[in-house]
Amino acid sequence: MDLLDTTIVNVGIPSIQRELGTSYASIQWIVAGYALTFALFLITGGRLGDIFGYKKIFLIGIGGFALSSALCGFSASSEMLIASRLLQGCAPH
């Protein structure tokens with residue numbers, strides 16, 4: 001899911017720049033911010049799965065990922081898109 005999401009964003013970069021008028025620094029945050037928060041919360045998500053059950057945490061993670069993906073789709077500015085991507089990386093999937 002991580003690779004698929006990163007590929008989708010990389011393909012969409014020209015459209016994001018055109019529609020939102022983002023700078024190159026913002027594009028870097030959009031791409032790398034997700035990977036950063038994903039890496040930060042990866043072990044935490046695994047530990048939460050140990051404590052509360054893998055299925056429950058997986059379903060919460062998929063729900064959080066879907067919700068934050070919707071926020072990414074509805075973003076009206078590059079700042080909102082960056083925040084949504086950071087939130088998306090926090091979802092334990």
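**Reading helices, burial and a pocket**

User: How many residues does helix H4 have, and what does it reach from its first C-alpha to its last?

Analyst: The general idea is to compare the span with an expected one, which is 1.5 Å times one less than the number of residues. Helix H4 (residues 78-90) has 13 residues and reaches 19 Å, close to the 18 Å expected at 1.5 Å a residue. As for labels, helices (H or I, at least four residues) and strands (E, at least two) are DSSP runs, numbered from the N terminus. Before we go on, this is a predicted model, where local features need pLDDT of at least 70, side-chain atom pairs count only at pLDDT 80 or more, and totals for chains, interfaces and linings use all residues. Residues are numbered from 1 along each chain as its sequence is written, and side-chain values use heavy atoms, with hydrogens and water left out.

User: Which residues of H4 are buried?

Analyst: You go by relative accessible area: buried is under 20%, exposed is over 50%, and partly exposed is in between (1.4 Å probe, protein chains only). In H4 the buried set is Ser-78, Leu-81, Ile-82, Ser-84, Arg-85, Gln-88 and Gly-89. Looking down the axis of H4, its buried residues fall within an arc of 165°, so they line one face of the helix. That arc is taken over the directions from the helix axis to the C-beta atoms.

User: What do the buried residues of H4 pack against?

Analyst: For packing, think contacts: heavy atoms within 4.5 Å. Here the partners are helix H1 (2-20), helix H2 (24-52) and helix H3 (54-73).

User: What about H3: which of its residues are buried, and where do they sit around the axis?

Analyst: The buried ones in H3 are Ile-57, Gly-61, Phe-65, Ser-68 and Cys-72. They cover an arc of only 75° around the axis, which puts them on the same side of H3. Their cover includes H1, H2 and H4. On the face of H3 turned away from that buried side you'll find the exposed residues Lys-55, Lys-56, Leu-59, Ile-60, Leu-67 and Gly-73.

User: Now the largest pocket. What is its volume?

Analyst: Rolling a probe the size of a water molecule over the atoms shows where empty space is left. Grid points are joined across faces, edges and corners, and the volume is the space filled by probe spheres set on the points. For the largest pocket that comes to about 260 Å³. It is lined by 16 residues, and the closest to its centre are Val-9, Ile-16, Cys-72, Gly-73 and Leu-81. H1, H3 and H4 are the elements giving two or more residues to this lining, and the largest share, eight residues, comes from H1.

User: How does the lining of the largest pocket divide by class?

Analyst: Ala, Val, Leu, Ile, Met, Phe, Trp, Tyr, Cys and Pro count as nonpolar, Asp, Glu, Lys and Arg as charged, and the others, Gly among them, as polar. The lining has seven nonpolar, six polar and three charged residues.

User: Is Ile-16 buried or exposed, and what is it in contact with?

Analyst: Ile-16 is in helix H1 and is buried, with a relative accessible area of 18%. Leaving aside neighbours within four places in sequence, Ile-16 is in contact with Gly-21, Thr-22, Ile-27, Ile-30 and Leu-81. The C-alpha atoms of Ile-16 and Ile-27 are separated by 8.3 Å, with the two eleven residues apart along the chain.

User: And Thr-22, where is it found?

Analyst: Thr-22 is in the loop between H1 and H2. It's buried at 11% relative accessible area. Not counting residues up to four places away in sequence, Thr-22 touches Ile-16, Gln-17, Ile-27 and Ser-78.

User: Is Phe-74 buried or exposed?

Analyst: Phe-74 lies in the loop between H3 and H4, and it is exposed, with a relative accessible area of 67%. Ala-91, in the segment after H4, counts as buried at 9% relative accessibility.

Technical notes. On a 1 Å grid over the protein atoms alone, a cavity is a set of points where a 1.4 Å probe fits but cannot get out, and a pocket is an open set with protein on both sides within 12 Å along at least five of seven lines; lining residues have an atom within 4 Å of a point.
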